[in-house]
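Hi,

Here's the structure I said I'd pass along.

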Amino acid sequence: MEETRKKYGDSKMVPAIHPRYGSIYSDLYEEKEEKSSGLFLRIIIAVLLFALFIVMDYSGEKVAKVDSKRIVEAIQEEMSE
């Protein structure tokens with residue numbers, strides 16, 4: 001009986017809807033928190049990469065045999081095409 005009460009009990013779900021279709025109803029009519037699109041993570045990665053570029057440019061360091069001048073040249077090649 002406990003399982004039946006949980007399944008068909010008085011909850012936020014409208015009782016006239018068959019349990020099979022309950023998720024469809026809740027997707028349409030209940031307010032849910034917005035799903036994270038990952039935008040925040042992408043912004044953090046972009047800021048970190050830009051900070052790495054600034055450090056490379058300022059100190060003249062190379063990362064994986066690439067320096068800041070090569071990065072700028074590659075960007076300019078892409079822009080001219």
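Tyrosine 58 sits in helix α3, which covers residues 39-59. Keep in mind that this is a predicted model. Tyrosine 58 has a relative accessible area of 77%, so it counts as exposed, the cut-off for that being over 50%. From tyrosine 58 to serine 68 the sequence separation is 10 residues, and the C-alpha to C-alpha distance is 9.0 Å.

That takes us to helix α4, residues 68-80. The axes of α3 and α4 come within 8 Å of each other and cross at roughly 120°.

Who touches whom? On the α3 side you'll find Phe53, Met56 and Asp57, and they meet Ser68, Ile71 and Val72 of α4. Sorted by class, this contact has four nonpolar residues, one polar and one charged.

Then the charged side chains. Opposite charges on side chains can pair when the charged atoms come close. How many salt bridges does the count come to? One. The partners are arginine 70 and glutamate 77, whose side chains meet at 4.0 Å, N to O. As for accessibility, arginine 70 is at 40% and so counts as partly exposed. Glutamate 77, at 44%, counts as partly exposed too.

Cheers

Notes. Residues numbered from 1 in each chain as written. Predicted model: local features only at pLDDT ≥ 70, side-chain atom pairs only at ≥ 80, totals over all residues. Heavy atoms only, no water. Buried < 20%, exposed > 50% of the residue type's maximum accessible area, 1.4 Å probe, protein only. Helix = DSSP H or I, 4+ residues; strand = E, 2+ residues; numbered from the N terminus. Axes fitted to C-alpha atoms, helices over the stretch in contact; angles between N-to-C directions. Contact = heavy atoms within 4.5 Å. Nonpolar A, V, L, I, M, F, W, Y, C, P; charged D, E, K, R; others polar.
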